[in-house]
Amino acid sequence: MSNLKIRRAIIYICLLAAAVSFPLACSQLRSRRLAAGRDAYLCIDNLRVIDTSKEWYAHQHGLKPGENVPPEALIELHAWPKKCPSGGKYTINPVGVDPLCSVPGHRIPKD
Ligand SMILES: [Zn+2]
């Protein structure tokens, strides 16, 4: 086999490998993006449950902005503890401040 034929064979093999692996890589990237979007959606849902329960407790007990809701109260309301699907840590925060997740992008959207 001549050198030219060997080079062509190598180029064809490389092109074939690229043709097979590119759609696979795109599919894996799309799956990761969907999973990240799903996790963020579930996490924001948790944050809304925590926030609504916290504000309800504050209203019922006459707490003012800046005061803390005891975590035990949120446990009774089944709003605590919650787990971020991406492994983030939640911070309840005082009344009037949104609860937070440590994962970037996991925030209650502002209207
Ligand atoms: Zn989160």
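A residue counts as buried under 20% relative accessible area, exposed over 50% and partly exposed in between, using a 1.4 Å probe and protein chains only. By that rule His78 is exposed, because its relative accessibility is 66%. This model is predicted, so local features need pLDDT of at least 70 and side-chain atom pairs count only at pLDDT 80 or more, while totals for chains, interfaces and linings use all residues. Residues are numbered from 1 along each chain as its sequence is written, and side-chain values use heavy atoms, with hydrogens and water left out.

**The zinc site**

- Cys43 (SG), Cys84 (SG), Cys101 (SG) and His106 (ND1) coordinate the zinc ion at 2.1 to 2.3 Å.
- Donors are N, O and S atoms within 2.8 Å of the metal (3.2 Å for Na, K and Ca); water is not among the atoms, so sites may look incomplete.
- The site is tetrahedral, with angles of 98 to 118 degrees among the four donor atoms.
- The ideal angle for four tetrahedral donors is 109.5 degrees.
- Along the chain, the donors follow the spacing C-x40-C-x16-C-x4-H.
- Cys43 sits in helix α1 (residues 3-60) and Cys101 in strand β2 (residues 100-101), so this pair ties together parts that are 58 residues apart in sequence.
- Helices (H or I, at least four residues) and strands (E, at least two) are DSSP runs, numbered from the N terminus.
- Cys43 is buried at 0% relative accessibility, and Cys101 is buried at 2%.

**Helix α1**

- The 58 residues of α1 should span 86 Å at 1.5 Å a residue, and the end C-alpha atoms are 84 Å apart, which agrees.
- The expected span is 1.5 Å times one less than the number of residues.
- Buried residues of α1 include Ala40, Ile44, Leu47, Ile50 and Tyr57.
- Their cover includes α2 (71-76), β1 (90-91) and β2; contact here means heavy atoms within 4.5 Å.
- Asn46 lies in α1 and is buried at 14% relative accessibility.
- Beyond four places in sequence, Asn46 is in contact with Lys82, Lys83 and Tyr90.
- Just after α1, Gly62 takes a positive phi of about 65 degrees.

**Charged side chains**

- There are two salt bridges, each a side-chain nitrogen of Lys or Arg within 4 Å of a carboxyl oxygen of Asp or Glu.
- One joins Asp39 and Arg38, at 3.2 Å from N to O.
- Asp39 is buried at 13% relative accessible area, whereas Arg38 is partly exposed at 48%.
- Another joins Lys110 and Asp98, at 2.7 Å from N to O.
- This pair links distant parts of the chain: Lys110 is in the segment after β2, and Asp98, 12 residues apart from it, is in the loop between β1 and β2.
- Lys110 is exposed at 68% relative accessibility, while Asp98 is partly exposed at 22%.
- Asp51, in helix α1, is buried yet has no salt bridge.
- The nearest side chain of opposite charge to Asp51 is Lys54, 4.0 Å away; Lys and Arg count as positive and Asp and Glu as negative, with His and the chain ends not counted.
- Asp51 touches Val97, Asp98, Pro99 and Ile108, leaving out residues up to four places away in sequence.

**Strand β2 and Leu100**

- Leu100 lies in strand β2 and is partly exposed, with a relative accessible area of 32%.
- The C-alpha atoms of Leu100 and Lys89 are 8.1 Å apart, and the two residues are 11 residues apart along the chain.

**Backbone features in the loops**

- Trp80 and Pro81 are joined by a cis peptide bond, with omega about -5 degrees.
- Pro81 is in the loop between α2 and β1.
- His78 is also found in the loop between α2 and β1; its phi is positive, near 60 degrees, though it is a residue other than glycine.
- Asn93, not a glycine, has a positive phi of about 70 degrees.
- Asn93 is in the loop between β1 and β2 and is buried at 19% relative accessible area.

Terms used. Four donors count as tetrahedral if all angles lie between 85 and 135 degrees; four count as square planar and six as octahedral if opposite donors are over 155 degrees apart and all others between 65 and 115; anything else is irregular.
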